[in-house]
Amino acid sequence: MKQETFINSEQVKSEHEAGKWMGAFMILAGVIFLMGTAGITIAGHSPSMLLALFPIYWIGVSAYRRYKEDGRLTRRVISIAVFAVLPFAYMAAMVLGYSISGLWPLGIIIVGVSFLLLSRSK
């Protein structure tokens with residue numbers, strides 16, 4: 001008896017989407033390492049500090065996936081996005097030469113406000 005295999009089209013679409021994100025991730029990593037080997041600096045800093053973008057990138061991807069699942073901005077999407085934006089802001093401040101010692105209290109305030117706003121009942 002012949003056995004048939006069915007492929008879930010949603011699974012194939014999801015795997016294709018994951019392949020796009022992984023490809024973009026690999027291109028970003030390659031560019032960072034290429035800049036490092038070429039002796040390029042960013043505001044006097046080594047481009048290897050851009051490796052901190054990787055966790056920020058994956059948090060952003062997670063927020064985007066949640067947004068696609070929910071179809072709109074929800075509490076879940078915003079709470080994930082806040083934790084991608086704050087580290088990015090700190091890194092940008094370091095590159096631009098600002099003292100981040102004054103920024104971390106602002107980050108705590110933003111997280112606190114997001115918890116208060118997102119803890120309201122639907």
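Arg66 and Glu69 form a salt bridge, their closest N and O atoms lying 3.7 Å apart. A salt bridge here is a side-chain nitrogen of Lys or Arg within 4 Å of a carboxyl oxygen of Asp or Glu. Side chains of opposite charge can pair when their charged atoms come close.

A word on the model before we go on. It is a predicted one, in which local features need pLDDT of at least 70 and side-chain atom pairs count only at pLDDT 80 or more, while totals for chains, interfaces and linings use all residues. Residues are numbered from 1 along each chain as its sequence is written, and side-chain values use heavy atoms, leaving out hydrogens and water.

**The salt bridges**

How many salt bridges does the rule give? The count comes to three, and here they are:

| Salt bridge | N to O distance |
|---|---|
| Arg66 and Glu69 | 3.7 Å |
| Arg76 and Glu69 | 3.6 Å |
| Asp70 and Arg76 | 2.7 Å |

Through shared partners, these salt bridges join Arg66, Glu69, Asp70 and Arg76 into one network. Arg66 and Glu69 both sit in helix α2, three residues apart, which is about one turn of the helix.

Are these side chains buried or exposed? The terms work like this: buried means under 20% relative accessible area, exposed means over 50%, and partly exposed is in between (1.4 Å probe, protein chains only). Glu69 is exposed at 56%. Arg66 is partly exposed at 29%, and so is Asp70 at 29%. Arg76 is also partly exposed, at 36%.

**The whole chain**

The protein chain has four helices and zero strands, giving the pattern α-α-α-α along the sequence. Helices (H or I, at least four residues) and strands (E, at least two) are DSSP runs, numbered from the N terminus. Of the 122 residues in the chain, 20% are buried. The accessible surface comes to about 9,200 Å², and 68% of it belongs to carbon and sulfur atoms; such areas come from the Shrake-Rupley method with a 1.4 Å probe, and for residues only the protein chains shown count as cover.

**Helix α3**

Helix α3 has 22 residues, which should span 32 Å at 1.5 Å a residue, and its end C-alpha atoms are 31 Å apart, which agrees. The expected span is 1.5 Å times one less than the number of residues. Among the buried residues of α3 are Val77, Ile80 and Leu86. What covers the buried residues of α3 includes α2 (53–70) and α4. Ile78, also found in α3, is partly exposed, with a relative accessible area of 35%. Ile78 forms a nonpolar surface patch with Tyr64, Tyr67 and Leu73, and together they have about 370 Å² of accessible area. Just after α3, Gly97 takes a positive phi of about 90°.

**Helix α4**

Helix α4 covers residues 104–118, 15 residues in total, and reaches 21 Å from its first C-alpha to its last, close to the 21 Å expected. Which residues of α4 are buried? They are Gly107, Val111 and Ser114. These three cover an arc of only 60° around the axis, so they are on the same side of α4; the arc is that of the directions from the helix axis to the C-beta atoms. The face turned away from the buried side carries the exposed residues Ile108, Ile109 and Leu116. What covers the buried residues of α4 includes α3 (75–96).

Technical notes:
Contact = heavy atoms within 4.5 Å. Patch = residues over 30% accessible without salt bridge, like charges linked within 9 Å, V, L, I, M, F, W, Y side chains within 5 Å.
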